[in-house]
Amino acid sequence: MAGTNSERPSIYPTLLYADAKAAIRQLTEALGFTELSVYEGEDGSVLHAELVQGNGGVMLGSKGRGGVFDAAMKGAGPGGVYVVVDDVDAHHRRAVDHGVEILMPPTDQDYGSRDYMARDAEGNIWSFGTYAPEMEG
C-alpha cells in the first residue's frame with residue numbers, strides 16, 4: 001500500500017522552524033542540502049520549502065503561519081513526516097481501523113495532492129498523500 005513506482009523518494013520529513021530562513025541557510029550552507037524551492041508569504045514567512053540532499057528531501061516552513069499542520073504541530077513530538085502513498089483512502093481506512101488519531105481526513109489539495117494527517121502515539125505528525133516533489137534542482 002505504501003510506496004510508489006516512481007524513482008522519487010516516497011518519504012519526506014516535514015519540519016517547522018521559528019526562523020525557517022535561518023534553518024534553510026544552515027541546512028544548505030552547513031549541512032549540504034540544496035534549495036529546490038521556497039514559497040514565502042506576504043509577511044516573509046516560509047509557507048513551504050523543499051530541500052534535497054542525495055536522493056532524499058525535506059519539506060519545511062515557518063511556525064505560527066496557521067493551517068491544519070501548524071496547529072497539529074503545536075505540542076507535538078519533535079517532527080513530522082510526509083509519506084507518499086498510491087491509495088490515500090485505503091491507507092486512511094487502515095489507520096482508522098487501527099485506532100490512529102486522524103487530524104485531517106483524506107482531502108483533495110489545491111496543488112493536486114490527496115492527503116490526510118494523523119498523530120502517532122508519541123505525538124509526531126504523519127501526513128500521507130499522493131504529492132511527490134520533483135527532485136531536480
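**Around Ser45**

Tutor: Ser45 sits in the loop between strand E2 (34–40) and strand E3 (46–53). Helices (H or I, at least four residues) and strands (E, at least two) are DSSP runs, numbered from the N terminus. This is a predicted model: local features need pLDDT of at least 70, side-chain atom pairs count only at pLDDT 80 or more, and totals for chains, interfaces and linings use all residues. Residues are numbered from 1 along each chain as its sequence is written, and side-chain values use heavy atoms, leaving out hydrogens and water.

Student: Is Ser45 buried or exposed?

Tutor: Buried, because its relative accessibility is 13%. Buried means under 20% relative accessible area, exposed over 50%, partly exposed in between (1.4 Å probe, protein chains only).

Student: What does Ser45 touch?

Tutor: Tyr39, Glu40, Ser62 and Arg65, not counting residues up to four places away in sequence. Contact means heavy atoms within 4.5 Å.

Student: Switching topic. How many residues of strand E5 are buried?

Tutor: Five of its five, residues 80–84. Gly80, Tyr82 and Val84 point one way from E5, and Val81 and Val83 the other way.

Student: Why the two directions?

Tutor: In a regular strand the side chains alternate between the two faces of the sheet.

Student: Which strand pairs with E5 in the antiparallel sense?

Tutor: Strand E1 (residues 11–17), over four bridges. Two strands pair if DSSP finds at least two bridges between them. Ile11 has Val83 of E5 as its bridge partner.

Student: And which strand runs parallel to E5?

Tutor: Strand E8 (residues 125–129), joined to E5 by five bridges. There, Ile125 is the bridge partner of Gly80.
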